[in-house]
Amino acid sequence: GYGCLGGDEMAEVNLNGTLVGDNHPAYHIAELGHNHGGSIEKALDLIDIAARAGANAAKLQKRSNKDLYTAEFYNSPYNSENAFGATYGEHREALEFGEVEYRELQQYAAVSGLDLFATAFDIPSVDFLEKIGVPFYKVASGSATNLQLLRYIAKTGKPMIMSFGGCTWADIQRAVDAVSWINPSLVLMHCVAAYPTPVEHLNLPRIEDLAVAFPEFVIGFSDHQDGISAGPVAWTLGARVFEKHLTFSHSAKGTDHAFSLEEAGFTQYIKSIERARLALRPQEQPLEIEKKPIYKMRSSVYAARDLPVGTWLWERDLVLQSPENGVAAWWFDFLVGKVMREEAKQGDPIKSTHIEGGLGI
């Protein structure tokens, strides 16, 4: 049930052998989408780029177009400059890979050290991807209200990474309720379904809201911003899985290339999130790396003149100087009025042993 985790128990999910959650580095998905333009060679190139950039996984999209779209929509003319066919159906079919291509890409990704999986847009696509043997599934924002599809994917028993662009809280809760009792291996992805998403509409606080509302599930961020700045902020708010569109060129033919990241950008995106993770590790201070600088910068109490045994200390007998080599500066007021038990020469750091009764330290 919801909220059943103890306070110390962290949400965690196993993505094909990689544990993902608060105590682990971010998991990065390179969304290839249809940026390959239906070319297996370009898809292989994108997998190479994803691997070099440091991604964990490459993702494709699988549609059984005739099942997914109405006949009228499938056969409607498609006049976009980004069209790969005369009708919308022809355009979509040109971008689909079949079993032979999927198996080749899967094998290539495995050699490159990447998980390869896909978004299933319909039930026949789930059957196709089960035959291929994908390790887990992506559910697109547009499928969040398709409970039949969600339950069908959940019954595979494989982890589900679910995006919630364009969703109300009721939509999210309904989707989670529909599948979590069948399959608790869920990643809930904050997403804004605008391509690209203007920075002022990223709505990143929802990441924290998801983490609070669903503490038993790992939270992620499907990032459609044209840039890399939102990633570290999303990590800070609780995102642990990141999905970002990848391309070989911003100017290539297709609707997604313009807001996708090229290799240099994708590499920086991954590095910036890892830096945020490291920067947010809580540590007790002073740190080991601070000790040398602080020793040089801080003051200690030193003898302002030769101080024989029995000297009754006045303020003028003492001076605060760096480095911190004896009694810390904040003991200065306490020392005034004390009596010297051992002599100190001018310039000597005052020690606890110099003082009658010591300092209790």
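Tutor: Start with two helices: helix 10 crosses helix 11 in the right-handed sense. Keep in mind that this is a predicted model.

Student: Which residues make the contact between them?

Tutor: Contact means heavy atoms within 4.5 Å. Helix 10 supplies Gly231, Pro232 and Trp235, and helix 11 supplies Tyr269, Ser272, Ile273, Ala276 and Arg277. That contact divides into 5 nonpolar, 2 polar and 1 charged residues.

Student: Why is strand 8 called largely enclosed?

Tutor: Buried means under 20% relative accessible area. In strand 8 (residues 186-191), 6 of the 6 residues are buried, so the rest of the structure largely encloses the strand. Leu186, Leu188 and His190 point one way, Val187, Met189 and Cys191 the other, and all are buried.

Student: How do you know that strand 8 pairs with strand 7?

Tutor: Pairing takes at least two bridges. Strands 7 and 8 have 4, in the parallel sense. Ile161 stands opposite Val187 of strand 8. The chain goes from strand 7 through helix 8 (residues 169-180) to strand 8, a right-handed β-α-β crossover.

Student: And what makes strand 9 a partner of strand 8?

Tutor: The cut-off is again at least two bridges. Strand 8 and strand 9 are joined by 5 and run parallel. Met189 stands opposite Gly220 of strand 9. With helix 9 (residues 205-213), these strands form a right-handed β-α-β unit.

Key
Residues numbered from 1 in each chain as written. Predicted model: local features only at pLDDT ≥ 70, side-chain atom pairs only at ≥ 80, totals over all residues. Heavy atoms only, no water. Buried < 20%, exposed > 50% of the residue type's maximum accessible area, 1.4 Å probe, protein only. Right-handed = clockwise from strand over helix to strand, strands pointing away. Left-handed = near helix turned anticlockwise from the far one by under 90°. Nonpolar A, V, L, I, M, F, W, Y, C, P; charged D, E, K, R; others polar.
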